[in-house]
Amino acid sequence: QVQLVESGGGLVQAGGSLRLSCAASRSIFSSYAMRWYRQAPGKQRELVATVTSGGTTYYAGSGKERFIISRDNAKNTVYLQMNSLKPEDTAVYYCAAAGGGTTHWGQGTQVTVSS
C-alpha cells in the first residue's frame, strides 16, 4: 500500500504561484501513474493533471497552460507547480497514485486564491 501526504497549500493572491508536493511512502512509487485532482466545496472532484510512470504528462481544463506536473522518483514525490493562480482555482487539492489495480489517495491540501 502506498501512503501519500500532500503539502504546499496556502493562501495566495491572484496571479501568484504555489508548488504542491505529494510524498509517497515507498520506492514502488516509480511504477505508478500520479495524478492531481481538486475539489471545491459543493463541487465534484476534477482531474487537474497526470504524469505516467514513464514521465508523460497530461493536463485538463484551465490548468493546461498554467500548471506543471512533475515527479522525482528518487524522492518518491510528485509536484504540481501552479502559476498565474485565479480565485477559481480555490479548492482542496489531492494527489493520487494509480497502479496494481488500485488507486491511493492523499488527505488533500487547501489552496485559497484571493482576488
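**Strand pairing, a disulfide and a salt-bridge network**

T77 is placed in strand β8, where helices (H or I, at least four residues) and strands (E, at least two) are taken as DSSP runs, numbered from the N terminus. The model is a predicted one, in which local features need pLDDT of at least 70 and side-chain atom pairs count only at pLDDT 80 or more, while totals for chains, interfaces and linings use all residues. Residues are numbered from 1 along each chain as its sequence is written, and side-chain values use heavy atoms, with hydrogens and water left out.

With a relative accessibility of 8%, T77 counts as buried, the term being applied under 20% relative accessible area, with exposed used over 50% and partly exposed in between (1.4 Å probe, protein chains only). The T77 side chain reaches the backbone oxygen of K75 at 2.8 Å; a polar contact is here a pair of N or O atoms within 3.5 Å, where within protein one must be able to donate a hydrogen and the other to accept it, and where residues adjacent in sequence count only if both atoms are side-chain atoms. When neighbours within four places in sequence are left aside, T77 is in contact (heavy atoms within 4.5 Å) with S21, C22, A23, F29, S70, R71 and D72.

Strand β8 belongs to an open sheet of four strands, whose order is β1-β3-β8-β7 and whose pairing is antiparallel; two strands are regarded as paired if DSSP finds at least two bridges between them. The edges of this sheet are formed by β1 (4–7) and β7 (67–72), each of which has a single partner strand, so that one side of each is left without a neighbour in the sheet. From one strand to the next, the twist averages 15 degrees, with axes fitted as lines to C-alpha atoms (for helices over the stretch in contact) and angles running from 0 to 180 degrees between N-to-C directions. The pairing of β7 with strand β8 (residues 77–82) is antiparallel and extends over six bridges, and within it F67 stands opposite M82 in β8.

The structure holds one disulfide, defined as a pair of cysteine sulfur atoms within 2.5 Å. This link is formed by C22 and C95, whose sulfur atoms are 1.8 Å apart, and with 45 degrees about the S-S bond it is right-handed. Because C22 lies in strand β3 (residues 18–24) and C95 in strand β9, the pair ties together parts that are 73 residues apart in sequence. C22 counts as buried at 0% relative accessibility, and C95 likewise counts as buried at 0%.

Side chains of opposite charge can pair when their charged atoms come close. Three salt bridges are counted under the rule that a side-chain nitrogen of Lys or Arg lies within 4 Å of a carboxyl oxygen of Asp or Glu. In one of them, E46 is joined to R38, with the closest N and O atoms 2.8 Å apart; E46 is partly exposed, with a relative accessible area of 39%, whereas R38 is buried, with a relative accessible area of 9%. R38 also meets D89 in a salt bridge (2.9 Å, N to O), a pair that links distant parts of the chain, since R38 is in strand β4 (residues 33–39) and D89 in the loop between β8 and β9, 51 residues apart. D89 in turn forms a salt bridge with R66, in which the closest N and O atoms are 2.7 Å apart. Here D89 lies in the loop between β8 and β9 and R66 in the loop between β6 (57–59) and β7, so this pair ties together parts that are 23 residues apart in sequence. D89 counts as buried at 1% relative accessibility, as does R66 at 10%. Through these contacts R38, E46, R66 and D89 are linked in a network of salt bridges.
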